[in-house]
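Please open the model in your viewer and keep the selection tool at hand.

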Amino acid sequence: MGKRKPVPSAGARGAKSRPKRPKSAKQGAESREENPQLAEQDDETVDTESRAPEAVQHKKSNGSFQGIVQSDEDDSEDEYDASNGDAPGGTINKGNDCSDETETSCSFHRHVSRIITNEEVKALIKQNSKFKWEMPAVDIPRSKWVGTGETMQEACDDHLHDVKGKLRNHWQHMLSGHLNSRMGFFSLCNSYRDIMHCNKKPFYLKSNGVDSSTMDAYLMHALNHVHRTRDVVIRNDAKLRNDADTEISDDNTYLDQGFTRPKVLFLLPLKSFARRIVKRLIQLSPLQQKNAMGQFKKEFGESDDEMPEHSTKPADFDLLFAGDIDDHFLFGIKLTKKSIKLYSNFYSSDIIVASPLALKRKIDGGEHGKEKDFDFLSSIEIVVVDHADVISMQNWAHLEAVFEHLNHLPSKEHGTNVMRIRPWYLDQHAQYYRQTILLSSYLTPEINALFNGLCFSYEGKIKTVTEYAGVLSKIQLEVRQVYERFDTSSITEADDARFDYFCNKVYPKIQDLDEGGLLLFVSSYFEYIRISNFLKSKEASFCRVGEATSQQDISRSRLWFFEGKKKILLYSERSHFYHRYKIRGTKHLLIYSLPGRKEFYPELVNMLGESENRKCNVLFSRLDLLKLERIVGTSSARRLISSDKSMFVFF
């Protein structure tokens with residue numbers, strides 16, 4: 001898939017490319033009345049994903065000057081209320097809130113008000129910045145944060161000064177005694193830099209403390225961003241109502257909107273994860289939840305504790321796949337002055353929660369030939385991809401496709417007044433203001449490529465660097481593990497080099513052996529198909545267990561392999577991820593490519609427990625460092641990569 005080309009700046013395109021702004025609020029209203037498409041846009045009903053309730057229609061505009069928070073089904077909750085102590089323009093509390101007088105010091109206002117130069121855009125495109133500073137990663141074992149741009153200071157309680165009073169008071173009460181543990185990652189999020197955290201302990205692995213802290217932190221950041229955005233718009237709406245002759249074109253403070261309302265996008269792999277996120281989002285919001293909760297519980301379940309009573313699977317497997325594991329969901333969440341509403345119309349939502357699959361289908365027009373519609377992604381300012389390692393076990397191309405469609409110019413007008421659109425949207429620089437937060441329990445080349453190639457926040461980047469101890473100590477057997485390194489000149493030739501080494505060096509030795517019981521493990525679907533075709537061409541005695549194999553064929557293959565009727569069982573990592581089979585009859589384990597999940601390696605080796613003559617061989621190249629260090633440890637992996645020798649033995 002081709003990567004999205006950077007868009008030239010307004011200066012490079014010329015001044016004519018930017019729409020002209022009317023000079024006053026009165027002229028803005030007149031232009032709205034003269035434009036039937038703009039005036040009728042509020043009546044447009046936007047289709048949500050087929051499983052969500054029918055979206056609520058916008059109310060008709062009365063020609064008045066409207067902000068993005070007022071074009072929805074309950075205008076009364078979005079109107080400015082001066083009696084609200086936390087409302088914009090209210091009483092200034094210099095010591096405890098980021099108010100009108102001090103808002104320029106807030107991360108949000110500093111971030112959205114700065115206009116980046118053409119030179120900065122060119123530097124972002126070239127990715128010239130280097131990770132030049134580091135700081136300890138609190139609560140993340142053997143890890144540190146490294147980043148670009150200005151050095152960050154370690155988190156402290158003062159970071160809550162950036163948070164609106166209503167949110168701050170709610171969190172201090174709700175998270176009493178636990179707030180400090182959230183501040184570390186919250187401060188990183190609040191810097192608006194792109195973040196890649198690939199050593200996040202997921203909730204399904206032992207204690208859920210680290211995962212909960214990280215999740216709370218990015219949810220708090222998202223809520224603060226949405227509240228800040230809404231407050232600025234409501235404040236300006238109130239000013240314009242009080243003075244209809246205000247010259248908007250002469251006052252940059254009225255530039256407060258994007259092309260559409262949605263500002264935050266959560267991308268998650270499974271419904272059970274989405275249920276967990278939304279439940280916590282509601283708890284962290286001081287607003288009351290209103291409407292559609294019954295529908296949400298019906299579609300996403302009511303409990304996290306749907307564990308099997310007598311399971312033979314590992315505990316992390318049971319927790320991971322507890323609840324609804326459907327990977328197709330897409331809905332909006334809207335925050336008003338008093339409530340938080342689920343299943344809101346996409347164009348009146350503040351937050352979009354989706355799986356990559358459902359959003360990709362929405363972008364493509366759905367399954368019934370509907371018109372393509374992804375304008376609601378045009379003004380996304382924060383993207384959170386949580387459990388990216390689980391998404392990599394689905395279809396990573398869907399996630400890449402979603403990123404390719406973020407922050408495009410909308411194909412239609414959606415009721416936003418052009419006079420109030422921020423200049424960096426009109427300059428098509430929105431992708432350089434978008435913050436992307438990637439969260440995973442381990443790093444993959446695909447996550448790395450996404451972070452390096454499609455994340456361009458002008459604020460800079462932050463990522464984790466970890467020293468791994470490895471998982472060899474979790475092997476319960478005395479097994480001689482032989483690691484064989486093959487050479488490859490580049491990443492584009494690595495797959496062919498691995499395949500050639502297997503065909504010319506490894507398979508002839510297998511062919512000469514009469515004994516069966518060879519478990520051949522591959523990590524990718526491409527390798528699974530390639531090796532399967534090769535074994536067919538050699539008329540080898542083999543059977544297969546892959547993610548697309550039917551349950552009947554899986555049972556038959558496992559039985560044939562156990563009974564010795566088939567000498568080779570080809571087994572994919574995705575199949576192990578979704579089923580965690582224990583393959584009985586394994587005498588010789590050949591790992592064609594190392595698993596991405598380090599927990600799988602000892603599980604595979606321990607399958608040799610029923611064999612008296614155990615053998616284990618692993619193929620790797622210098623490009624497999626990410627996987628190697630998680631399995632054998634960082635120091636050992638570096639020796640394997642740098643040594644002049646090509647064969648190594650672990651016991």
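Begin by selecting helix α19 and helix α20, where α19 passes α20 in a right-handed crossing; bear in mind throughout that this is a predicted model. Helix α19 covers residues 494-512, and its axis lies 12 Å from that of α20, the two packing at an angle of about 35°. To see the contact itself, show the side chains of D495, D496, R498, F499, F502, C503 and Y507 in α19, which meet F526, E527, R530, I531, F534 and L535 in α20. Coloured by class, the residues of this contact divide into 8 nonpolar and 5 charged, with no polar residue among them.

Stay on helix α20, which runs over residues 525-537, and select Y525 and Y528, which are 3 residues apart in this helix and are therefore separated by about one helical turn. Their ring centres lie 6.3 Å apart and their planes meet at 25°, and because planes under 30 degrees apart count as stacked, the pair of Y525 and Y528 is a stacked one. Which of the two is buried, and which is partly exposed? Y525 is partly exposed, with 41% relative accessibility, whereas Y528 is buried at a relative accessible area of 5%.

Next, select W424 and Y425, another pair of rings, whose centres are 4.5 Å apart and whose planes stand at 25°, so that this pair is stacked as well. W424 is buried, its relative accessible area being 2%, and Y425 likewise counts as buried, at 1% relative accessibility. Now extend the selection to F259, Y433 and Y458, which together with W424 and Y425 form one aromatic cluster. Across the model, the count of aromatic pairs comes to 33.

For the last stop, select helix α10, residues 271-284, together with helix α11, residues 293-300, and look along the two axes, which are 10 Å apart and form an angle of about 150°. Since an angle over 145 degrees counts as roughly antiparallel, α10 and α11 are therefore roughly antiparallel to each other. Is their crossing left-handed or right-handed? The crossing of α10 and α11 is left-handed. Display K271, A274, R275, V278 and I282 on α10, and M293, F296, E299 and F300 on α11, to bring up the residues that make the contact. By class, this contact of α10 with α11 holds 6 nonpolar and 3 charged residues, and no polar ones.

Definitions and conventions. Residues numbered from 1 in each chain as written. Predicted model: local features only at pLDDT ≥ 70, side-chain atom pairs only at ≥ 80, totals over all residues. Heavy atoms only, no water. Axes fitted to C-alpha atoms, helices over the stretch in contact; angles between N-to-C directions. Helix = DSSP H or I, 4+ residues; strand = E, 2+ residues; numbered from the N terminus. Parallel < 35°, antiparallel > 145°, perpendicular 65-115°, else oblique. Left-handed = near helix turned anticlockwise from the far one by under 90°. Contact = heavy atoms within 4.5 Å. Nonpolar A, V, L, I, M, F, W, Y, C, P; charged D, E, K, R; others polar. Phe/Tyr/Trp six-rings, centres within 6.5 Å; stacked < 30°, edge-to-face > 60°. Buried < 20%, exposed > 50% of the residue type's maximum accessible area, 1.4 Å probe, protein only.
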